[in-house]
Amino acid sequence: MSTKPSQEVVAIVVAAGSGVRLGREIPKAAIEIAGVPMVVRAVRAMLNGGADRAIVVAPEAWVEVFTSFFTGKAERVKVIAGGVMRQDSVRLGLDQVGDAPITLVHDAARPLVPPFVVDRVIESVRDGAPAVVPVVPQVDSLRRVRRNSTVAVDRSTFLRVQTPQGFDTAALRQAHAAAGDKEFTDDATMCEAIDIPVTTVPGDGLALKVTEPMDLVLAEVIARGEA
Ligand code: CTP
Ligand code: MG
(Lines give C-alpha, C1' and ligand atoms only; values in the text may rest on other atoms or scores of the structure.)
(Ligands and ions follow the chains in the order given, each with its own letter.)
Protein backbone atom coordinates (compact mmCIF):
# COMPACT_ATOMS: atom_id res chain seq x y z
CA MET A 1 0.00 0.00 0.00
CA SER A 2 1.31 3.46 -0.81
CA THR A 3 1.81 5.44 2.35
CA LYS A 4 2.45 9.03 1.28
CA PRO A 5 1.29 9.63 -2.31
CA SER A 6 2.04 13.35 -1.98
CA GLN A 7 5.82 12.93 -1.59
CA GLU A 8 7.59 14.91 -4.30
CA VAL A 9 9.37 12.86 -6.98
CA VAL A 10 12.22 14.40 -8.98
CA ALA A 11 13.65 12.65 -12.05
CA ILE A 12 17.29 13.21 -12.97
CA VAL A 13 17.53 12.49 -16.70
CA VAL A 14 21.19 11.99 -17.55
CA ALA A 15 21.85 13.12 -21.11
CA ALA A 16 25.42 14.45 -21.01
CA GLY A 17 27.10 11.57 -22.85
CA SER A 18 28.39 12.00 -26.38
CA GLY A 19 27.26 8.67 -27.79
CA VAL A 20 30.61 7.42 -29.09
CA ARG A 21 29.24 3.98 -29.93
CA LEU A 22 26.43 5.51 -31.97
CA GLY A 23 29.00 7.56 -33.89
CA ARG A 24 26.89 10.59 -34.82
CA GLU A 25 27.95 14.24 -34.98
CA ILE A 26 25.47 15.41 -32.33
CA PRO A 27 25.13 14.09 -28.76
CA LYS A 28 23.04 10.94 -28.51
CA ALA A 29 20.26 12.52 -26.44
CA ALA A 30 19.64 15.18 -29.11
CA ILE A 31 19.06 12.62 -31.85
CA GLU A 32 15.43 12.49 -32.94
CA ILE A 33 13.37 9.34 -32.86
CA ALA A 34 10.35 9.72 -35.13
CA GLY A 35 10.86 13.49 -35.00
CA VAL A 36 11.27 13.89 -31.23
CA PRO A 37 14.69 14.17 -29.52
CA MET A 38 15.47 11.21 -27.25
CA VAL A 39 15.86 13.48 -24.22
CA VAL A 40 12.39 14.96 -24.78
CA ARG A 41 10.86 11.48 -24.99
CA ALA A 42 12.70 10.45 -21.82
CA VAL A 43 11.49 13.50 -19.87
CA ARG A 44 7.90 13.01 -21.07
CA ALA A 45 7.99 9.40 -19.90
CA MET A 46 9.16 10.49 -16.43
CA LEU A 47 6.45 13.17 -16.07
CA ASN A 48 3.73 10.91 -17.50
CA GLY A 49 4.85 8.14 -15.16
CA GLY A 50 4.48 10.24 -12.01
CA ALA A 51 7.57 12.42 -11.59
CA ASP A 52 6.68 15.97 -10.48
CA ARG A 53 9.68 17.60 -12.15
CA ALA A 54 12.80 16.70 -14.12
CA ILE A 55 16.43 17.77 -14.04
CA VAL A 56 18.02 17.26 -17.45
CA VAL A 57 21.80 16.89 -17.35
CA ALA A 58 23.12 17.96 -20.75
CA PRO A 59 26.54 18.14 -22.45
CA GLU A 60 28.09 21.47 -21.39
CA ALA A 61 28.15 22.95 -24.91
CA TRP A 62 24.53 21.91 -25.49
CA VAL A 63 22.78 23.36 -22.45
CA GLU A 64 21.16 26.13 -24.48
CA VAL A 65 19.94 23.81 -27.21
CA PHE A 66 18.58 21.31 -24.70
CA THR A 67 16.89 24.17 -22.81
CA SER A 68 15.15 25.18 -26.04
CA PHE A 69 13.65 21.67 -26.25
CA PHE A 70 11.64 22.48 -23.11
CA THR A 71 10.40 25.98 -23.85
CA GLY A 72 7.27 26.65 -21.84
CA LYS A 73 8.07 23.83 -19.41
CA ALA A 74 10.50 25.83 -17.22
CA GLU A 75 8.46 25.14 -14.09
CA ARG A 76 8.83 21.39 -14.37
CA VAL A 77 12.05 20.92 -16.36
CA LYS A 78 15.47 22.36 -15.56
CA VAL A 79 18.52 21.84 -17.78
CA ILE A 80 22.04 21.86 -16.31
CA ALA A 81 25.53 20.92 -17.53
CA GLY A 82 26.90 17.43 -16.86
CA GLY A 83 30.27 15.94 -15.98
CA VAL A 84 32.95 13.58 -17.27
CA MET A 85 31.56 10.26 -16.00
CA ARG A 86 27.88 9.32 -15.82
CA GLN A 87 28.02 9.39 -12.05
CA ASP A 88 29.38 12.97 -12.15
CA SER A 89 26.33 13.92 -14.18
CA VAL A 90 24.02 12.19 -11.69
CA ARG A 91 25.75 13.96 -8.79
CA LEU A 92 25.31 17.36 -10.45
CA GLY A 93 21.64 16.53 -10.93
CA LEU A 94 21.35 15.46 -7.32
CA ASP A 95 22.51 18.92 -6.25
CA GLN A 96 19.27 20.25 -7.83
CA VAL A 97 16.88 17.79 -6.21
CA GLY A 98 16.41 19.84 -3.05
CA ASP A 99 14.04 18.45 -0.43
CA ALA A 100 12.24 15.94 -2.65
CA PRO A 101 12.25 12.63 -0.74
CA ILE A 102 12.18 10.46 -3.88
CA THR A 103 14.67 10.66 -6.77
CA LEU A 104 14.60 8.78 -10.06
CA VAL A 105 17.72 8.44 -12.19
CA HIS A 106 16.97 7.79 -15.84
CA ASP A 107 19.13 7.45 -18.98
CA ALA A 108 18.02 9.69 -21.83
CA ALA A 109 19.31 6.78 -23.90
CA ARG A 110 16.14 4.87 -22.88
CA PRO A 111 13.61 7.18 -24.57
CA LEU A 112 10.77 4.69 -24.99
CA VAL A 113 10.38 3.50 -21.39
CA PRO A 114 6.63 3.12 -20.77
CA PRO A 115 5.18 5.34 -18.02
CA PHE A 116 3.84 2.24 -16.22
CA VAL A 117 7.42 1.16 -15.51
CA VAL A 118 8.17 4.61 -14.05
CA ASP A 119 5.06 4.33 -11.89
CA ARG A 120 6.09 0.87 -10.65
CA VAL A 121 9.50 2.16 -9.59
CA ILE A 122 7.99 5.15 -7.75
CA GLU A 123 5.42 2.96 -5.98
CA SER A 124 8.13 0.59 -4.77
CA VAL A 125 10.14 3.49 -3.27
CA ARG A 126 6.94 4.87 -1.71
CA ASP A 127 6.37 1.45 -0.18
CA GLY A 128 9.70 1.76 1.61
CA ALA A 129 12.38 0.36 -0.71
CA PRO A 130 15.46 2.64 -0.57
CA ALA A 131 16.78 1.59 -4.01
CA VAL A 132 14.71 0.11 -6.86
CA VAL A 133 15.69 -1.17 -10.31
CA PRO A 134 13.49 -2.34 -13.19
CA VAL A 135 14.72 -5.66 -14.57
CA VAL A 136 14.02 -7.96 -17.52
CA PRO A 137 15.07 -11.59 -18.03
CA GLN A 138 18.18 -12.45 -19.98
CA VAL A 139 17.05 -14.03 -23.27
CA ASP A 140 20.38 -15.12 -24.78
CA SER A 141 22.37 -18.07 -23.48
CA LEU A 142 25.39 -16.95 -21.52
CA ARG A 143 28.96 -18.24 -21.25
CA ARG A 144 31.52 -17.19 -18.69
CA VAL A 145 34.92 -16.28 -20.10
CA ARG A 146 37.81 -18.13 -18.50
CA ARG A 147 41.50 -17.78 -19.20
CA ASN A 148 41.67 -20.21 -22.15
CA SER A 149 38.08 -21.33 -22.57
CA THR A 150 34.44 -20.48 -21.92
CA VAL A 151 31.82 -22.28 -19.87
CA ALA A 152 28.02 -22.20 -19.99
CA VAL A 153 26.22 -20.52 -17.09
CA ASP A 154 22.55 -20.67 -16.09
CA ARG A 155 21.00 -17.57 -17.64
CA SER A 156 18.02 -17.71 -15.27
CA THR A 157 20.37 -16.54 -12.51
CA PHE A 158 20.91 -13.22 -14.35
CA LEU A 159 18.66 -10.20 -14.88
CA ARG A 160 19.20 -7.20 -17.13
CA VAL A 161 18.92 -3.86 -15.35
CA GLN A 162 17.16 -0.85 -16.88
CA THR A 163 16.29 2.68 -15.79
CA PRO A 164 14.64 4.67 -14.26
CA GLN A 165 16.13 3.53 -10.99
CA GLY A 166 14.33 4.92 -7.96
CA PHE A 167 15.76 5.98 -4.62
CA ASP A 168 15.10 7.37 -1.25
CA THR A 169 16.95 10.65 -1.91
CA ALA A 170 18.90 10.50 1.35
CA ALA A 171 20.14 6.98 0.54
CA LEU A 172 21.22 8.05 -2.95
CA ARG A 173 23.11 11.05 -1.55
CA GLN A 174 24.84 8.78 0.96
CA ALA A 175 25.85 6.36 -1.81
CA HIS A 176 27.30 9.13 -3.98
CA ALA A 177 29.21 10.61 -1.06
CA ALA A 178 30.72 7.19 -0.29
CA ALA A 179 31.54 6.43 -3.94
CA GLY A 180 33.97 9.32 -4.41
CA ASP A 181 35.93 8.85 -7.64
CA LYS A 182 35.47 5.08 -7.83
CA GLU A 183 33.52 4.39 -11.04
CA PHE A 184 30.18 2.57 -10.82
CA THR A 185 28.00 1.46 -13.73
CA ASP A 186 24.82 2.63 -12.09
CA ASP A 187 23.39 4.16 -8.94
CA ALA A 188 21.88 0.97 -7.53
CA THR A 189 25.32 -0.66 -7.60
CA MET A 190 26.65 2.35 -5.72
CA CYS A 191 23.95 1.90 -3.06
CA GLU A 192 24.70 -1.80 -2.75
CA ALA A 193 28.37 -0.97 -2.10
CA ILE A 194 27.30 0.63 1.19
CA ASP A 195 24.84 -2.16 2.03
CA ILE A 196 21.66 -0.39 0.98
CA PRO A 197 19.43 -3.22 -0.31
CA VAL A 198 18.34 -3.11 -3.95
CA THR A 199 14.75 -4.12 -4.82
CA THR A 200 13.67 -5.23 -8.30
CA VAL A 201 10.42 -4.55 -10.16
CA PRO A 202 9.50 -5.80 -13.65
CA GLY A 203 10.94 -3.63 -16.42
CA ASP A 204 9.87 -3.73 -20.06
CA GLY A 205 11.44 -4.41 -23.44
CA LEU A 206 10.44 -0.92 -24.58
CA ALA A 207 12.92 0.53 -22.09
CA LEU A 208 15.73 -0.66 -24.38
CA LYS A 209 18.92 1.40 -24.32
CA VAL A 210 19.92 3.05 -27.57
CA THR A 211 23.64 2.28 -27.68
CA GLU A 212 24.58 1.13 -31.18
CA PRO A 213 23.24 2.16 -34.63
CA MET A 214 20.92 -0.86 -34.82
CA ASP A 215 19.20 0.17 -31.57
CA LEU A 216 18.31 3.47 -33.19
CA VAL A 217 16.71 1.68 -36.14
CA LEU A 218 14.65 -0.44 -33.74
CA ALA A 219 13.60 2.56 -31.62
CA GLU A 220 12.56 4.46 -34.75
CA VAL A 221 10.39 1.58 -35.96
CA ILE A 222 8.78 1.18 -32.53
CA ALA A 223 8.12 4.92 -32.17
CA ARG A 224 6.50 5.07 -35.59
CA GLY A 225 4.16 2.35 -34.45
CA GLU A 226 5.34 -0.07 -37.09
CA ALA A 227 6.11 -2.76 -34.52
N1 CTP B 1 25.80 10.14 -19.48
C2 CTP B 1 25.89 11.37 -18.84
N3 CTP B 1 27.13 11.89 -18.54
C4 CTP B 1 28.26 11.24 -18.90
C5 CTP B 1 28.17 10.00 -19.55
C6 CTP B 1 26.92 9.46 -19.83
O7 CTP B 1 24.87 11.99 -18.52
N8 CTP B 1 29.42 11.79 -18.61
C9 CTP B 1 24.47 9.60 -19.80
C10 CTP B 1 24.24 9.42 -21.31
O11 CTP B 1 23.85 10.66 -21.89
C12 CTP B 1 23.18 8.34 -21.37
C13 CTP B 1 23.39 7.56 -20.07
O14 CTP B 1 24.30 8.31 -19.27
O15 CTP B 1 21.87 8.87 -21.38
C16 CTP B 1 23.89 6.15 -20.34
O17 CTP B 1 25.16 6.22 -20.95
P18 CTP B 1 25.54 5.61 -22.37
O19 CTP B 1 24.40 4.85 -22.95
O20 CTP B 1 26.87 4.97 -22.23
O21 CTP B 1 25.63 6.94 -23.28
P22 CTP B 1 26.94 7.65 -23.84
O23 CTP B 1 27.98 7.68 -22.79
O24 CTP B 1 26.49 8.92 -24.44
O25 CTP B 1 27.33 6.65 -25.03
P26 CTP B 1 28.81 6.07 -25.34
O27 CTP B 1 29.22 5.31 -24.09
O28 CTP B 1 28.61 5.18 -26.53
O29 CTP B 1 29.68 7.25 -25.62
MG1 MG C 1 28.86 5.84 -22.00
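Predicted model: local features only at pLDDT ≥ 70, side-chain atom pairs only at ≥ 80, totals over all residues.
User: Why is strand E4 called largely enclosed?
Analyst: Strands here are DSSP runs of E with at least two residues, helices are runs of H or I with at least four, and both are numbered from the N terminus. Buried means under 20% relative accessible area, exposed over 50%, and partly exposed in between (1.4 Å probe, protein chains only). In E4 (residues 53–58), 5 of the 6 residues are buried, so the rest of the structure largely encloses the strand.

User: How do you know that E4 pairs with E1 and with E5?
Analyst: Two strands pair if DSSP finds at least two bridges between them. E1 (residues 9–14) is joined to E4 by 5 bridges and runs parallel to it, with Ile12 opposite Ile55. E5 (residues 77–81) also pairs with E4 in the parallel sense over 5 bridges, and there Val56 stands opposite Val79.

User: What makes Val56 part of a nonpolar core?
Analyst: Such a core is a set of buried Ala, Val, Leu, Ile, Met, Phe, Trp, Tyr and Cys residues joined through side-chain atoms within 4.5 Å. The largest one has 35 residues, and Val56 is among those with the most contacts inside it. Helix H1 (38–48) is one of the elements that give two or more residues to this core; H1 gives the most, with 7 residues. A second, separate core of 22 residues includes Ile12 and Ile55.

User: Why is Asp186 called buried?
Analyst: Its relative accessible area is 14%, and the cut-off is under 20%. So Asp186 counts as buried. This residue lies in the loop between helix H5 (169–179) and helix H6 (187–192).

User: How do you know that Asp186 makes a polar contact with Thr189?
Analyst: A polar contact is a pair of N or O atoms within 3.5 Å; within protein, one must be able to donate a hydrogen and the other to accept it, and residues adjacent in sequence count only if both atoms are side-chain atoms. The side chains of Asp186 and Thr189 make one at 2.3 Å.

Terms used. Residues numbered from 1 in each chain as written. Chains lettered and ligands numbered in written order. Heavy atoms only, no water.
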